Amino acid sequence: MKIFHYVEVAVIFLANLTVVLAYGDTEEILEESIEAKSQLKKESIEAKECDFNLYQRMFDEGTYVISKPGLYCLAEDISFNPNSAAYLRTKFSDQSITAYEASMPLHSQYATYNPRAYGVGFFAAIAVSGDNVILDLRGHVLQQDKEHALLQRFYANIETADRPFIPGQGPHDFGSKIGSARSLLVTNGRIGRSSHHGIHGNRSVNVTLQDLNIYDFEVAGMSVNACQGLIVKDVDIKSRDDVPVLGQFSALLFLRPYVNYLAAIDSPLTFRGRNATEIKASMKKMVNNVHKDLILAGRDTIDRTEHPKEWALFHNKERVIDGNCYGLLINSDGAAVNGFPSDVKVPSRQVRLENVQVKRLRGNIREIVGMAAHEDTSAVATDPIGSLLQLLAVDSEDNFTALSSDGKYVGNTVTNAQMLVAHAVHVGAFDGSRLSTKRNTIPRELVEWAEKGSQTLLEHVSSTPHGGPHGTGFLCNGDQMFHVNKGVIGFKLDGSSESVQASKIRAGEISNIGGVGSQLCGNYIKSHPKANFHGYGGAFARVMTICGTKDANVTDFHAEFTSSRSGSVVGLEIATDSENVQVQGLSFGKLQASSSAMVPGSPTPDPLACGIRIGEEVKNISVNEFCVRSMAAFDDKFMKYADHSGNGSIGECVSMLVERG
């Protein structure tokens, strides 16, 4: 055991004895006693053996839940693949079990796993909700198996709570409370493949993440919301570059419980002449075909010749995440799915980053245009999980997958399932079931339009009062879950206060290879109701953002190469109502914005390469000793800094000798 390591960690834990949590209108003071801290230090130093050794077999049927204090150690590499099809076939001696039925909790397991918390599957390999926990990876790898990464598209290798969302958020009703970790150390190992996050958590208290290599994640290396006391030290981060499917595959998987339920009750409802049993069969065939190609056959991509429909819907041409992508994300209370935070009520507090490096971060941000649900411009048509109605999704060759060449509804397996489920919601078919339908906003008239198939989509929109910018009937600047598109961001230090310290920060390649925004919504200033920056945001690449953050200090910060294929690049973005931000020792190697002009009427801002950009509402900003070595953009539109606040103090750009991490 690394005794010296635990001595240092114990000292770190002793640093913050009082943490203030402000949730809603109440304020709770959590007093962490010196005696409890000293005891943790003593146990850490004197323990010669782990309290709990974790083996692969402990993960074969689901998440390993940590709710008691102690030192937990990985005894071997862990590849998380619970309830796989092969495992279930052996367990139940039933060769008919396929990938479509696999990877989810069994009904019999809901005595162990809260059905609210695990309603969308095994969301983590390890879920920590206890106090005073040390998780020592012992140099081993904790990762999601390729099969589970395909079939469970929302996931974190380590979740610092007993469920992945706070009450009232997420693609499911996760319950009325959340139990989060307090005094947690995760250290000494590698956190590998994940279909979403390496480490994720909400409302945790006094968390230290140290000596970690986090890699092969899709959305974020770590994502921490409203954490009260966070230390991240000696951590390397690198995103996944072999993502086999697009986000639309998630929409198909999430619909399974709804269509399965309708089939199980033998619902008489149909959509375009097909009942739930038939649509379920189509969904099952698609899931199993994708699984056959990517898992059983070990292919890198879906077989276009063998499975052309699956290829059209799910093939990931660029093999990187097709939604927003972050290296390290710090946020206020709740998921970071809206615009950049401001007027934060429950921030993360007392955050310290030291010697953290994002080595590679690549994303291909794809916009999915949404349909306005009705005349209210803030409502977009989504299914009960919150996925956009995928009418305007395109394949990797930009062909519509649910519309004919003349714009009439022809449908596909995903949109047919969405329409059937929406129809069932409107007639009350799910009443009395445990399935939540409150997120469904697909209107009756849209289902009826698709059922008939006689009008083009534009004819339907023009004949029906609709919301959206300028009454277009469309809503833009979102991904397939209608999260605000913000692009690729290396370090997102947003929604935080009371001492945010970042030192020895490094970034290698940060790259956004996504396209420009759709013109269906016009040349808008704002289309997505939750966006707060002008125009389409998905084409941006940023090294660091500090938005809605008070009292931050960044020192010794160097980035090598940041690029955007279709949009702007910003080294450091300080915006919304941030204040009291001090930056000392900042260097950017190359900032490469798009080399192409925007077409007339595009909502995507003209490409700009900018070292430091400070927003209008920002107060009391100081930047000293910074350098931007190389910038490029279309029409030579670049600048070392742009202070729109009038409240910033920016020193001269000087040469710097930077020690690379």
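This is a predicted model: local features need pLDDT of at least 70, side-chain atom pairs count only at pLDDT 80 or more; totals for chains, interfaces and linings use all residues.
**Notes on strands, helix packing and rings**

1. Residues are numbered from 1 along each chain as its sequence is written, and side-chain values use heavy atoms, with hydrogens and water left out.

2. E10 and E12 belong to an open sheet of 11 strands with parallel pairing, and the order is E4-E7-E10-E12-E14-E18-E22-E24-E26-E28-E30. At its edges are E4 (64-66) and E30 (638-643), each pairing on one side only. On average, neighbouring strands of this sheet are turned by 15° against each other, direction ignored. Axes are lines fitted to C-alpha atoms (for helices, over the stretch in contact), and angles run from 0 to 180 degrees between N-to-C directions.

3. Now follow E8 (residues 131-136). With E5 (residues 70-74), E8 pairs in the parallel sense over 4 bridges, and Leu71 has Ile134 in E8 as its bridge partner. E8 is also joined to E11 (residues 182-191), by 5 bridges and again parallel. On that side, Leu135 is bridged to Val186 in E11.

4. Helix H9 is worth a look, starting with its packing against H6. H6 (residues 256-264) and H9 (residues 413-426) have axes 10 Å apart, at an angle of about 60°. Their crossing is left-handed, meaning that the near helix is turned anticlockwise from the far one by less than a right angle (clockwise would be right-handed). Tyr258, Val259 and Leu262 from H6 meet Ala417, Leu420, Val421 and Ala424 from H9, with contact taken as heavy atoms within 4.5 Å. The residues of this contact are 7 nonpolar, no polar and no charged. The classes: Ala, Val, Leu, Ile, Met, Phe, Trp, Tyr, Cys and Pro are nonpolar, Asp, Glu, Lys and Arg charged, and the others, Gly among them, polar.

5. H7 (residues 276-296) packs on H9 too, with axes that come within 10 Å and cross at roughly 145°. This crossing is left-handed. From H7, the contact takes in Ala276, Ile279, Ser282, Met283 and Met286; from H9, Thr413, Asn416, Ala417 and Leu420. Its make-up is 6 nonpolar, 3 polar and no charged residues.

6. On the rings: there are 19 aromatic pairs, where rings of Phe, Tyr and Trp (its six-membered ring) pair if their centres lie within 6.5 Å. One aromatic cluster brings together Phe52, Phe59, Tyr64, Tyr72, Phe80 and Tyr155.

7. Two charges sit over ring faces. Arg542 lies over Phe540, 4.1 Å from the ring centre, and Lys91 lies over Phe92, at 5.7 Å. The test asks for NZ of Lys or CZ of Arg within 6 Å of the ring centre and within 35 degrees of the ring normal.

8. Last, two backbone spots to check by eye. Most residues other than glycine have a negative phi. Arg203 has a positive phi near 60° and belongs to the loop between E12 and E13 (205-217). Asp398 also has a positive phi, near 65°, and its place is in the loop between E20 (370-371) and H9.

Technical notes. Two strands pair if DSSP finds at least two bridges between them. Helices (H or I, at least four residues) and strands (E, at least two) are DSSP runs, numbered from the N terminus. Rings of Phe, Tyr and Trp (its six-membered ring) pair if their centres lie within 6.5 Å; planes under 30 degrees apart count as stacked, over 60 as edge-to-face and the rest as tilted.
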